[in-house]
Amino acid sequence: MSTMDAKAISGGGEEASGMRSETLGESGRLGEINRRQAIRIAYLIATLELTFLFMHFGIMPYFVKTLGLDSVGFGYLQTTFGVFQLVGGPIFGRFADRFGTRAALILSCASGSAFFLLMSISTSIPLLFLSRVPAVFMHGLPGAQKVITDLTTPSQRADALGKLGLCFGIGIIIGSALGGVLSTKFGIFVPAYVGLVGNLINTMVAMFWIPLPAKPKSDHRAKEHGTSQSGSVFSIRQILHLMKFPGVMEVFIIKVFAGLPIGLFLIMFSIISMDFFGLEAVESGYLMSYFGVLQMVVQGLVVGKLSNHCTERTLLRLSVFVFAGVGLGMALMRTVWHYCIIAVPLVFAFSMLATITDSILTKSVPASDTGTMLGICASVQPLTRTVGPTIGGVLYKQFGVSSFGYLQLIVNIGLFVYLMKCKIPLTETKSQ
């Protein structure tokens, strides 16, 4: 072979190698664009679903009155909704692990459509209770969390999950206002029609804009220990198996109990706002909007920045410590203005605890089981809604508003001491 031929072959090889590198670079950039687009679509779906949900919460006291349901029956209705969500959370997460995030979000949005459809034709109390059944699979927020978990690296996860708090805040503000306006101007059933159409649109968005393989290839750890591909979607044993991974049970217990007393207070807040603070319905609506704005500010400007500069262990301890301070403030508060001041650290602690524990727990299990873990995490709020009316009612009636604060203080001091003595999470990492 001549020298010229050798050079030509060498040059051709270099050119081909350069073309391959360029193609790979373009493919990587395209993949990054698609990844960001999918995450933004997940934020959109979560925002719309939360908006319709808070719209529903706002009109329900008036809706049930038109059917002749008293306050006790309304409590049973809320408990029924909470039980369905509690049971469905882990099952929905396992479904997402088995069949993919797109299928899970479609299921959630379609269930929301069925929920509002049944509500729109509820002309009797049995039909109204029947409309709660689709709540088993109405888990748009965990579905969006699953998309984010699958499409972000562990170092980006806390910041990306924290931004879902913006969706929550927008949902509170717009949903509460929209429900009141629609029911007042156009009739009590109109919000249900809007929720039906909105969830159908959400279903189409999930079908066409959430990528099918929204999950990276399973790592060795996932193949060795994962449970998502074994057993039935409804297997309780496989779901509970995740609690045996190192550090998972401890973090989950902290997640449940740190915010439980405040959760009981918030369950009773509609009564407390009337009896203790003396607020009218309009003023309660303003207070909810204030909470929504706080949620957006804290999640958008505070949680993400702190997660970039502090370790998860530090932030977990900080949120529990702030929760203890919130308990003391609630034990001493006397007016609604006191509560507005306390609401700032309250929203911070709630947002930080939810974001950091979700991030820690999804990192503590195999990648193939993050959906199930998020589903278990999503069951915490329905659990509070289920037991809240009974326990909260007893606390308020027997011991007054201050009892919620003292209980919050005692529980979180105990948890803070425990966290200072134990290494939780097991590995100390920064989000960035």
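A search of the whole structure, which is a predicted model, finds five salt bridges, a salt bridge being a side-chain nitrogen of Lys or Arg within 4 Å of a carboxyl oxygen of Asp or Glu. Side chains of opposite charge can pair when their charged atoms come close. Local features need pLDDT of at least 70 and side-chain atom pairs count only at pLDDT 80 or more, while totals for chains, interfaces and linings use all residues. Residues are numbered from 1 along each chain as its sequence is written, and side-chain values use heavy atoms, with hydrogens and water left out.

**Salt bridges**

- Asp97 forms a salt bridge with Lys146, and their closest N and O atoms are 2.9 Å apart.
- Asp97 belongs to helix H2 (residues 71-99) and Lys146 to helix H5 (residues 140-151), so this pair ties together parts 49 residues apart in sequence; helices (H or I, at least four residues) and strands (E, at least two) are DSSP runs, numbered from the N terminus.
- Asp97 is buried at a relative accessible area of 5%, and Lys146 is buried at 1%; buried means under 20% relative accessible area, exposed over 50%, and partly exposed in between (1.4 Å probe, protein chains only).
- Lys146 also meets Asp150 in a salt bridge, at 3.3 Å from N to O.
- Both Lys146 and Asp150 lie in helix H5, four residues apart, about one turn of the helix, and both are buried.
- A further salt bridge joins the side chains of Lys255 and Asp358 at 2.9 Å, N to O.
- That pair links distant parts of the chain, with Lys255 in helix H11 (residues 248-258) and Asp358 in helix H16, 103 residues apart.
- Lys255 and Asp358 are both buried.
- Through shared partners, salt bridges join Asp97, Lys146 and Asp150 into one network.

**Nonpolar cores**

- The largest nonpolar core has 58 residues, of which Phe265, Tyr339, Met373 and Phe404 touch the most other members; such a core is a set of buried Ala, Val, Leu, Ile, Met, Phe, Trp, Tyr and Cys residues joined through side-chain atoms within 4.5 Å.
- Helix H16 (residues 336-364) supplies the largest share of this core, 14 residues.
- Apart from this core lies another, of 23 residues, among them Ala38, Ile45, Ile172 and Ile210.
- Leaving aside residues up to four places away in sequence, Tyr339 touches Phe265, Leu266, Phe269, Phe277, Leu287, Phe291, Met333 and Leu346, where contact means heavy atoms within 4.5 Å.

**Asn202 and cysteines**

- Asn202 lies in helix H8 (residues 190-209) and is buried, with a relative accessible area of 0%.
- A polar atom of the Asn202 side chain lies 3.3 Å from the backbone oxygen of Ile45.
- Not counting residues up to four places away in sequence, Asn202 touches Ile45, Leu48, Glu49 and Cys109.
- Cys109 is buried at 0% relative accessible area, whereas Cys422 counts as partly exposed at 25%.
- The count of disulfides (pairs of cysteine sulfur atoms within 2.5 Å) comes to zero.

**Whole chain**

- The chain has 19 helices and zero strands.
- Of its 432 residues, 49% are buried.
- Among contacts between residues at least 6 apart in sequence, 86% join residues at least 24 apart.
- The accessible surface comes to about 19,900 Å², 69% of it belonging to carbon and sulfur atoms; accessible areas come from the Shrake-Rupley method with a 1.4 Å probe, and for residues only the protein chains shown count as cover.

Terms used: A polar contact is a pair of N or O atoms within 3.5 Å; within protein, one must be able to donate a hydrogen and the other to accept it, and residues adjacent in sequence count only if both atoms are side-chain atoms.
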